[in-house]
Amino acid sequence: AAELARWIPASAVPLARWFNTSGQSYRALGKAAVDGMSPAEKVAALAADGKLVRRPVLVRGDTVLVGFDPEAWARALS
């Protein structure tokens, strides 16, 4: 949870985009339940179930990428 709490703001991606909305864990929770969570509860849920986290995640120095954007990944890995 502590790592996610650092990574999420560093990614400059909204917290909602950290959720793997296609996964079974997300579907089991339901969008309404996730939408009703506080930011701290969302981070705790992501930390408790790795299947909720959108992948891939890259943490390299100060760069944090979540999800796959080919251009962003090319810049981060060059």
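1. Charge. The chain carries 10 positive and 7 negative side chains, and the centres of the two sets lie 4 Å apart. Lys and Arg count as positive, Asp and Glu as negative, with His and the chain ends not counted; each charge is placed at NZ of Lys, CZ of Arg, CG of Asp or CD of Glu.

2. Basis. This is a predicted model, in which local features need pLDDT of at least 70 and side-chain atom pairs count only at pLDDT 80 or more, while totals for chains, interfaces and linings use all residues. Residues are numbered from 1 along each chain as its sequence is written, and side-chain values use heavy atoms, leaving out hydrogens and water.

3. Elements. The chain has five helices and two strands (DSSP runs numbered from the N terminus: helices are H or I of at least four residues, strands E of at least two). From the N terminus, their order is α-α-α-α-β-β-α.

4. Dimensions. The C-alpha trace spans about 40 × 25 × 15 Å along its principal axes. Of the 78 residues, 36% count as buried (under 20% relative accessible area; exposed means over 50%, partly exposed in between, with a 1.4 Å probe and protein chains only).

5. Helix H5. In H5 (residues 70–77), the buried residues are Ala72, Trp73 and Ala76. They fall within an arc of 95° seen down the helix axis, so they line one face of H5; the arc is that of the directions from the axis to the C-beta atoms. The face turned away from this buried side bears the exposed residues Pro70, Glu71 and Arg75. The cover over the buried residues of H5 includes strands S1 (57–60) and S2 (63–66), where contact means heavy atoms within 4.5 Å.
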